[in-house]
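Look at the fold below as a whole before turning to single residues.

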Amino acid sequence: MTDAGPAPVPFQEFVLKVHSRCNLACDYCYVYEMADQSWARRPRVMSAEVVRRTGERIAEHLRDHGVTEASVVLHGGEPLLAGARRLEHVVTELRRLAGAGTALSFVVQTNGTLLDQDMLEVFRRHDVRVGVSLDGDRAATDRHRRRPDGASSYPATVRALDLLSGPRYRSLFAGLLATVDLRTDPVRAYEALLEFDPPVVDFLLPHGTWTDPPPGRSADPASTPYADWLIAVFERWYAAPRRETGVRILEEILVLLLGGASRVESVGLSPAAFVVVETDGEIELVDTLKAAYPGAAATGLTVHSDRFDAALAHPAVRAGQRGVAGLPGACRACPAHQVCGGGLYPHRFRAGRGFDNPSVYCADLYRLIGHLARRVAGAPGPPPAGPPDPATERTVPGPAAA
Amino acid sequence: MAERMREAEFGSAPTILPDQLLDELAENGTDVLRHVIRRVRAEAGAGGRIVARFNNQNGGVPTAPYLGRDAPAGPGADEAGP
């Protein structure tokens, strides 16, 4: 493919769908509950042959581009359904194929319900870090993260987090991942996560598009409920006498406001350098695209017959590596575009127009970034939150700083 | 770094902080802000190119920026984790 843009940045993160099913039935899941239903035709688990072929392709890609450090995300579905022995095989096989001159770091992103001592011993032996998804306290988590029979997943996840945050496995603790629900009190959610003493937490915006907007995100640009929610978290986090943990989305915005570069795809203009491999070996784009439309993440490539370089040439990958030039025209005219970077790519989708739109969260991102910019520059924060509103049980934030 | 901050100017809120003010914030800002300033400075000093990672996980972020074949070598960032 000819392309006048900058040279492609090689992939340095490989997201492996080691298991395509999940033991939870979270109602907001982009894999099972949104537009794309390709999970149903995938093998449940990544076979040893696909693992080997993926490892060979990763080694080939890193060698060809002179990359000596890369990360592998063990993902799903719920990756722990693959079992400890199979996950151990994935890690050892990929490291063996990468060779001694290449450092592969591993992280598993799990709902935690199957994370027991046996599993953690395997991860400890192979230095696999563990990120856990949890939305806050029990009430917040039970809103969405339930088992197929409707039972709560919270107690099992808490048991796992007690183990993971204890002294033996603490070094493996990668962080907590929560999805924002506007009905949840933001400060309560943050403080509930903080109880596990995570090294970092992140609050993900629920997936949605212009065609299928996120809950509570109206077409009114003056309405910024997600910014308001995150600003409440920001004020609690930013004003603490000592930094209690990292809050990834907020920290990345601060870094960008100070002239640095983001390390995540959700904000900023750093080139996206990751790729997904499904259980059957198909190479896919970022899998959150599955929220947009069926087949949105597909490339038509597979580790059995294609090099990762072929995926580097895919237009969506190129768009994610072009920086400002990859943004819609409306974004380029906005003073915040260096910081928001157009937001998460799937959130730009509108049926009939594709991805050439600002994010469906544009108004929220604009307000959030503006608030953080003013606070860094010395503007006072809002007054302390009032008492919880008895109707919603949410604390009422004071008016934002001017 | 100051040059890059000027490029990132945002609306009426000054995101362009003169190095002198940044120095002051690095001393007297909130602990969160001081942490962020240390990271920005470490990464600017390290050279290389920061790449964006998969959003749907929290770990696995290497501590050193990618040093491509055409990127200047550097000591690497001195802070662990995101």
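Of the 402 residues of chain A, 55% count as buried. A residue is buried if 20 or more other C-beta atoms lie within 10 Å of its own, exposed if 12 or fewer, and partly exposed in between, with C-beta atoms placed from the backbone. This is a predicted model, in which local features need pLDDT of at least 70, side-chain atom pairs count only at pLDDT 80 or more, and totals for chains, interfaces and linings use all residues. Residues are numbered from 1 along each chain as its sequence is written, while chains are lettered from A and ligands numbered from 1 in the order in which they are written.

How confident is the predictor? Its score for each residue, pLDDT, runs from 0 to 100. Chain A averages 90, and 94% of the residues score at least 70. Residues 386–402 of chain A stay under 50; the model has 32 contacts for them beyond four places in sequence. A contact here means two C-beta atoms, placed from the backbone, within 7 Å.

Chain A holds 13 helices and 10 strands. These are DSSP runs numbered from the N terminus: helices are H or I with at least four residues, strands E with at least two. The radius of gyration of chain A is 21 Å, close to the 21 Å that the globule rule gives for 402 residues, so the chain is as compact as a globular protein of that length. That radius is taken over C-alpha atoms, and the rule is 2.2 Å times the number of residues to the power 0.38. Among contacts in chain A with a separation of 6 or more, 70% join residues 24 or more positions apart.

Now the sheet. In chain A, 10 strands form an open, mixed sheet in the order β7-β6-β5-β4-β3-β2-β1-β8-β9-β10. Its edges are β7 (246–247) and β10 (298–302) of chain A, each pairing on one side only. Two strands pair if DSSP finds at least two bridges between them.

Follow β8 of chain A. Strand β1 (residues 13–17) runs parallel to β8 (residues 274–277) in chain A, joined by 4 bridges. F14(A) has V275(A) as its bridge partner, and L16(A) stands opposite V277(A). β9 (residues 282–284) of chain A pairs with β8(A) in the antiparallel sense over 2 bridges. Here V276(A) stands opposite E284(A). The two strands β8(A) and β9(A) form a hairpin with 4 residues between them, and G281(A) in the turn has a positive phi of about 95°.

Side chains of a regular strand alternate between the two faces of the sheet. β8(A) is covered on both faces: F274(A) and V276(A) are buried on one side, V275(A) and V277(A) on the other.

The largest nonpolar core has 130 residues; F14(A) and L16(A) are among those with the most contacts inside it. Such a core is a set of buried Ala, Val, Leu, Ile, Met, Phe, Trp, Tyr and Cys residues joined through C-beta atoms within 7 Å. Helix α7 (residues 225–238) of chain A gives the most to this core, with 10 residues.

In α5 (residues 154–164) of chain A, Y154(A), T157(A), A160(A), L161(A) and L164(A) are buried. They cover an arc of only 125° around the axis, which puts them on the same side of α5(A). The arc is that of the directions from the helix axis to the C-beta atoms. Turned away from that side are the exposed P155(A) and D162(A). α6 (residues 186–194) of chain A has buried residues including P186(A) and Y190(A). Their cover includes β5 (173–179) and α7 of chain A.

Definitions and conventions:
pLDDT is the predictor's confidence in each residue, from 0 to 100.
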